[in-house]
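Hi,

Here is the model I promised to pass on.

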Amino acid sequence: MLNRYDAHTELGTIKIHRNSIASIAAIAAGEIDGVKCIGKNFKSGLLDLMGRKDYSAIRVDFDKNGEISLEIPLVVKYNFNIPDVATKVQENVRNSLEKMTNLIVKDISINVQAIEKG
């Protein structure tokens, strides 16, 4: 499993680490009305307690062609349509990643972990 995307230009190498991809995805997901937060795993929960941002709950995979697949855990706000929120997250994440990285997004899986009051 690759940890980053590498591209070679006439001026040198461009490397985009999976943490950068996850950061873009988290910010884009958070822009959607109805998203309470990105879901947590144990590591991200500990780092949040220490006041540090961690997007390790978002899984980023690169295939052999350099296309990305993401798995994003979400907590959705109560009283929002879950499929609508998830679809808007997928669209915003895809648009943001393609705009900022020029990478092809193969698929984005959304896993709604919980519903919480806004």
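First, something to check by eye: is Glu98 buried, partly exposed or exposed? Glu98 comes out as partly exposed, with a relative accessible area of 32% (buried is under 20%, exposed is over 50%, and partly exposed lies in between, using a 1.4 Å probe and protein chains only).

Before the rest, the ground rules. This is a predicted model, so local features need pLDDT of at least 70 and side-chain atom pairs count only at pLDDT 80 or more, while totals for chains, interfaces and linings use all residues. Residues are numbered from 1 along each chain as its sequence is written, and side-chain values use heavy atoms, with hydrogens and water left out.

Now the salt bridges (a side-chain nitrogen of Lys or Arg within 4 Å of a carboxyl oxygen of Asp or Glu). The count comes to 5. Glu98 takes part in one of them with Arg94, at 3.8 Å from N to O. Both sit in helix 3 (residues 82-101), 4 residues apart, which means about one helical turn between them. Arg94 is partly exposed too, at 29% relative accessibility. Helices here are DSSP runs of H or I with at least four residues, strands are runs of E with at least two, and both are numbered from the N terminus.

Strand 4 (residues 59-62) and strand 5 (residues 68-77) run antiparallel and are joined by 4 bridges; for strands to count as paired, DSSP has to find at least two bridges between them. Phe62 has Ile68 in strand 5 as its bridge partner. There are 5 residues between the strands, and Gly66 has a positive phi near 85 degrees in this hairpin.

Glu71 is partly exposed at 29%, and Arg59 is partly exposed at 46%. Asp61 joins Arg59 and Glu71 in a network of salt bridges.

One more pair: Lys106 forms a salt bridge with Asp63, with the closest N and O atoms 3.7 Å apart. This one also links distant parts of the chain, from Lys106 in strand 6 (residues 105-116) to Asp63 in the loop between strand 4 and strand 5, 43 residues apart. Lys106 is partly exposed at 47%, whereas Asp63 is buried at 19%.

Cheers
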